[in-house]
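User: Please take a close look at the contacts in this structure and at the residues that they bring together. A connected account, with the cut-offs stated, would be appreciated.

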Amino acid sequence: MHLTVEAARPEHATDVSRLLRDYLTLTEQEKTARGLAVGGPLPQRYQDEVDHPESLLPDCLLACTGDRVLGLVVLKEQGDQVEIKRLWVDPAARGTGAGRALVRAAVDRAGARPVTLTVWDWRAAPIGLYRSLGFTDTQSWDERPHLICMTLPAGTAQSSR
């Protein structure tokens, strides 16, 4: 299997919508199970992402094999830093290296800027991935409980290879 990471294009909107729906639905289910959300339909701000993925395409990278989209990373560029907002690999594609490839591509896109992210403390696999690539826990900038804030300082991208 030859894995590539590429910028999302308009023709990927359906795949981006599907991956976002799966990611956001699971996240809300996990939060509900921990008493951090009330359950029910996706909050409107998340449903908007699912319904209008085209607004995220310029900030989205996709892991692909041939014409199959395995996962995505959505970035938010904020001047002197880049934040990973969403990272999701289809469960059927886990273990293929897609998540690692997506994070590396995000770091490459950041260039000399630091990369930041938040991750729920119960998500051991992504936390392990981030730490293996050089991300470290940092002072929280998010008041929500159970979120770990992590950063990869500027200039450390090459050491994450």
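Analyst: Among contacts in the protein (heavy atoms within 4.5 Å) between residues at least 6 apart in sequence, 64% join residues at least 24 apart. This is a predicted model, in which local features need pLDDT of at least 70 and side-chain atom pairs count only at pLDDT 80 or more, while totals for chains, interfaces and linings use all residues. Residues are numbered from 1 along each chain as its sequence is written, and side-chain values use heavy atoms, with hydrogens and water left out.

Arg-68 illustrates such a pairing across the sequence: Asp-15 is 53 residues away along the chain, yet the two C-alpha atoms are 9.0 Å apart. Arg-68 belongs to strand 3, residues 68–78 (strands are DSSP runs of E, at least two residues; helices are runs of H or I, at least four; both are numbered from the N terminus). Its contacts, neighbours within four places in sequence aside, are Ala-63, Ala-92 and Ala-93. With a relative accessible area of 39%, Arg-68 is partly exposed (buried means under 20%, exposed over 50%, partly exposed in between, with a 1.4 Å probe and protein chains only).

Thr-27 sits in helix 1, which covers residues 13–33. Thr-27 counts as buried because its relative accessibility is 5%.

The whole structure contains zero disulfides, a disulfide being a pair of cysteine sulfur atoms within 2.5 Å.

These residues are set in a fold of four helices and seven strands, arranged along the sequence as β-α-α-β-β-β-α-β-α-β-β. The C-alpha trace spans about 45 × 40 × 30 Å along its principal axes. The radius of gyration is 15 Å, which agrees with the value near 15 Å for a compact globule of 161 residues; the rule, over C-alpha atoms, is 2.2 Å times the number of residues to the power 0.38. Of the 161 residues, 44% count as buried.
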